[in-house]
Amino acid sequence: GKIEYNESALATITPRVDGYAERLFVNFTGIEINAGDHLAEVYSPELLVAQQELLIALQGGANGPLVETAKTKLRLLGLTDSQITDLVDNKRVADRVTLFSPISGTVIEKSIVEHAAFEAGDPLYRIANLDSVWVYLEIYELELPWIRYGQRVRITAEALPGREVEGRGTFV
């Protein structure tokens, strides 16, 4: 058989704006991280302007339609609600914005380099939650009657001598 990442437990971190990686908190693959952990601190002229737009809109009143539009724009550009709240409370533009991990897991790919430029849509990190993995097994057709959906399975691997891993069977 072959062990693969559980596709439903993968995340690709991609920026929604062009920018520059000013500081990396996660600097190599294999690091285990938690949801909400800092990944990188980035500078983006587009995010800087969008933050300034919100502060200008706030001068016309805290609940106007321009304020909500500016907040929505920041959310769509990738800022968290907490980052937007800090901007509104402190009334100070952050020239560097922190990117956070959406899931807990292990960094399996890192394409971002400190002090380098990136473009909107570039994959910066790939994170896999390894709490569950998929094992693709090949079985002979004549063995199919012994296999049931949801059946408990035990797997041994040469990489883990003397250890059994349990799971549930499904068909793909």
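The axes of helix α2 (residues 65-76) and helix α3 approach within 10 Å and cross at roughly 140°; axes are lines fitted to C-alpha atoms, for helices over the stretch in contact, and angles run from 0 to 180 degrees between N-to-C directions. The model is predicted, with local features requiring pLDDT of at least 70 and side-chain atom pairs pLDDT 80 or more, while totals for chains, interfaces and linings use all residues. Residues are numbered from 1 along each chain as its sequence is written, and side-chain values use heavy atoms, with hydrogens and water left out. Helices (H or I, at least four residues) and strands (E, at least two) are DSSP runs numbered from the N terminus.

α2 and α3 are therefore oblique to each other (angles under 35 degrees count as roughly parallel, over 145 as roughly antiparallel, 65 to 115 as roughly perpendicular and the rest as oblique). The contact (heavy atoms within 4.5 Å) is formed by K71, L74 and R75 of α2 with D81, I84, L87 and V88 of α3.

For helix α1 (residues 45-58) and helix α3 (residues 81-90), the axes come within 10 Å and cross at roughly 50°. That angle makes α1 oblique to α3. On α1 the contact involves Q51, L54, L55 and L58, and on α3 it involves I84, L87 and V88.

T106 lies in strand β7 (residues 105-110). With a relative accessibility of 12%, T106 counts as buried (under 20% relative accessible area, exposed being over 50% and partly exposed in between, with a 1.4 Å probe and protein chains only). Not counting residues up to four places away in sequence, T106 touches G30, I31, E32, R126, I127, A128 and L130.
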